[in-house]
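Trainee: Could you take me through the nonpolar interior of this model and the aromatic rings found there? I would like one connected account.

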Amino acid sequence: MDNATLMARDLAHIWHPCTQMKDHESIPIIPIKRAKGVYLYDFEDNRYIDSISSWWVNLFGHSNDYINAKIAEQLETLEHVIFAGFTHEQIVRLSERLCALTGLQKCFYADNGSSAVEVALKMAFHFFKNAGEVRPYFVSLTNSYHGETLGALAVGDVELYKETYEEILIQTLQTPVPKDRSPEATAAALAAMEELFTKYEGKISALIVEPLVQCAGYMHMYSPDFLRGAKELCEAHNIFFIADEIAVGFGRTGTMFACEQAGIKPDFMCLSKGLTGGYLPLSVVLTSDRVYNMFYCDYNEFKAFLHSHSYTGNALACAAANATLDIFEQENVIEKNRTKSDYIAKKLEKFKELPNVKEVRQTGMIAAVELQGYDPKMRIGLRINQECLRRGVFIRPLGPVVYFMPPYVIDFDQIDTMIDTVYEVVSSL
Ligand SMILES: *Cc1c(COP(=O)(O)O)cnc(C)c1O
């Protein structure tokens with residue numbers, strides 16, 4: 001089998017995500033035969049550094065020996081079981097560990113990030129309903145992204161994904177994200193939030209935020225002080241605080257969870273992506289006993305949370321998640337990442353001197369280089385993507401923002417290759 005043959009067979013029957021399929025008349029789809037560590041290998045044995053962790057999911061490399069073994073072990077005992085009325089060892093263990101890590105008490109599972117967001121929104125609304133209050137509004141930040149299902153899309157604010165569906169989305173309110181990390185920007189955004197909360201007093205169920213980094217929103221970054229201030233405002237106005245750590249959780253921002261940097265504990269925390277080390281679809285919403293108890297009563301009071309997905313709590317996915325947490329415990333990952341993110345920061349310095357670079361920004365293992373001076377119609381990101389692929393580096397810019405979010409197993413030589421390649425391309429544009 002070669003690349004071209006497999007691509008032709010693919011195009012005959014497959015509609016790819018987040019893609020204008022006509023692009024593939026001129027841009028090849030790359031069939032991947034195998035992957036190991038940070039490398040993807042195609043059917044002609046070309047290799048590519050996976051600089052964006054296959055859409056931010058992979059933590060410890062592709063085909064990781066330890067995670068492979070743990071999934072194989074689980075496969076011999078139980079692959080999946082209905083999760084209403086049944087449980088299994090992997091998910092019990094995983095839930096104990098997630099609660100210990102986050103300081104929250106209850107886990108509700110789903111099978112992808114968007115579904116976790118739906119669960120958190122529904123739970124927050126339902127909590128108030130069970131308490132005899134109807135609060136139809138959710139608040140989110142401008143430039144936010146929370147997924148693609150209708151509820152998640154409605155709380156998001158990336159025009160490209162949302163605009164088309166405007167007429168069929170639930171009611172949401174947006175409050176400005178701080179425009180940068182300065183105290184002035186933080187204070188201005190908090191003042192706007194307070195005004196909105198006051199205007200809609202008693203009508204808002206929850207505020208949902210992506211802590212510290214709005215990843216899909218062009219890797220926009222803001223101060224932990226804003227998170228702390230937002231949590232305080234939520235408490236003052238009796239509004240739930242939903243932390244969507246789907247992208248930033250599991251060490252991406254330099255701490256296990258981004259909320260830790262603000263010293264806050266959310267009412268709901270959504271996790272997915274890195275949860276299984278990038279192996280299998282799984283998501284979870286963590287919440288408190290206080291929330292749980294509002295739904296806890298005799299069946300005929302009809303206050304139960306009747307939400308489910310067929311693959312909720314999949315045992316193989318939970319085995320991958322436990323293996324991922326084992327690696328965090330055994331290998332001092334957060335500490336080692338600090339050395340790597342410092343190294344990345346140093347390597348990015350030279351971008352700042354390029355005339356076509358507007359800003360370089362970084363939070364932990366997420367680093368972004370924002371370019372300037374290109375008309376969106378030029379699709380400069382796509383051009384960079386193609387040039388880098390030719391040089392063995394897979395990078396997938398968001399518009400004019402080139403970013404690095406590599407698997408944590410990337411070594412210093414691979415960081416050199418990844419960043420030097422992008423520099424070569426960006427400086428030659
Ligand atoms: C990716 C992402 C989601 C959606 O997760 P899916 O598994 O793609 O549905 C939600 N929120 C954030 C912050 C994300 O980055």
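Mentor: What follows covers the core and then the aromatic contacts. The model is predicted. The largest nonpolar core has 106 residues, and L98, L207, M219, F250, F328 and F351 touch the most other members. Helix 11 (residues 315-331) is the main contributor, giving nine residues. Domain 1 (31-63 + 332-427) and domain 2 (67-330) each supply residues, so this core lies between them. Take L98: beyond its neighbours within four places in sequence, L98 contacts C107, Y109, F250, L271, L275, V284, L286 and L325.

Now the rings. The count of aromatic pairs is 21. F127 is buried at 4% relative accessibility, and F128 is buried at 2%. F351 and Y423 are also edge-to-face, because their planes stand at 85 degrees, over the 60 degrees required, with centres 5.2 Å apart. F351 sits in the loop between helix 12 (333-348) and strand 13 (357-363), while Y423 belongs to helix 14 (residues 412-427), so this pair ties together parts 72 residues apart in sequence. Of these two, F351 is buried, at 1% relative accessible area, whereas Y423 is partly exposed, at 22%. F250, listed above in the core, also belongs to an aromatic cluster with F60, F257, F328 and Y408.

Charged groups sit over rings as well. R135 lies over the face of F128, 4.1 Å from the ring centre. The charged end of R47 is over the ring of Y39, 4.0 Å from its centre.

Technical notes. Residues are numbered from 1 along each chain as its sequence is written. This is a predicted model: local features need pLDDT of at least 70, side-chain atom pairs count only at pLDDT 80 or more; totals for chains, interfaces and linings use all residues. Side-chain values use heavy atoms; hydrogens and water are left out. A nonpolar core is a set of buried Ala, Val, Leu, Ile, Met, Phe, Trp, Tyr and Cys residues joined through side-chain atoms within 4.5 Å. Buried means under 20% relative accessible area, exposed over 50%, partly exposed in between (1.4 Å probe, protein chains only). Helices (H or I, at least four residues) and strands (E, at least two) are DSSP runs, numbered from the N terminus. Domain bounds come from an automatic or database domain assignment. Contact means heavy atoms within 4.5 Å. Rings of Phe, Tyr and Trp (its six-membered ring) pair if their centres lie within 6.5 Å; planes under 30 degrees apart count as stacked, over 60 as edge-to-face and the rest as tilted. A charge sits over a ring if NZ of Lys or CZ of Arg is within 6 Å of the ring centre and within 35 degrees of the ring normal.
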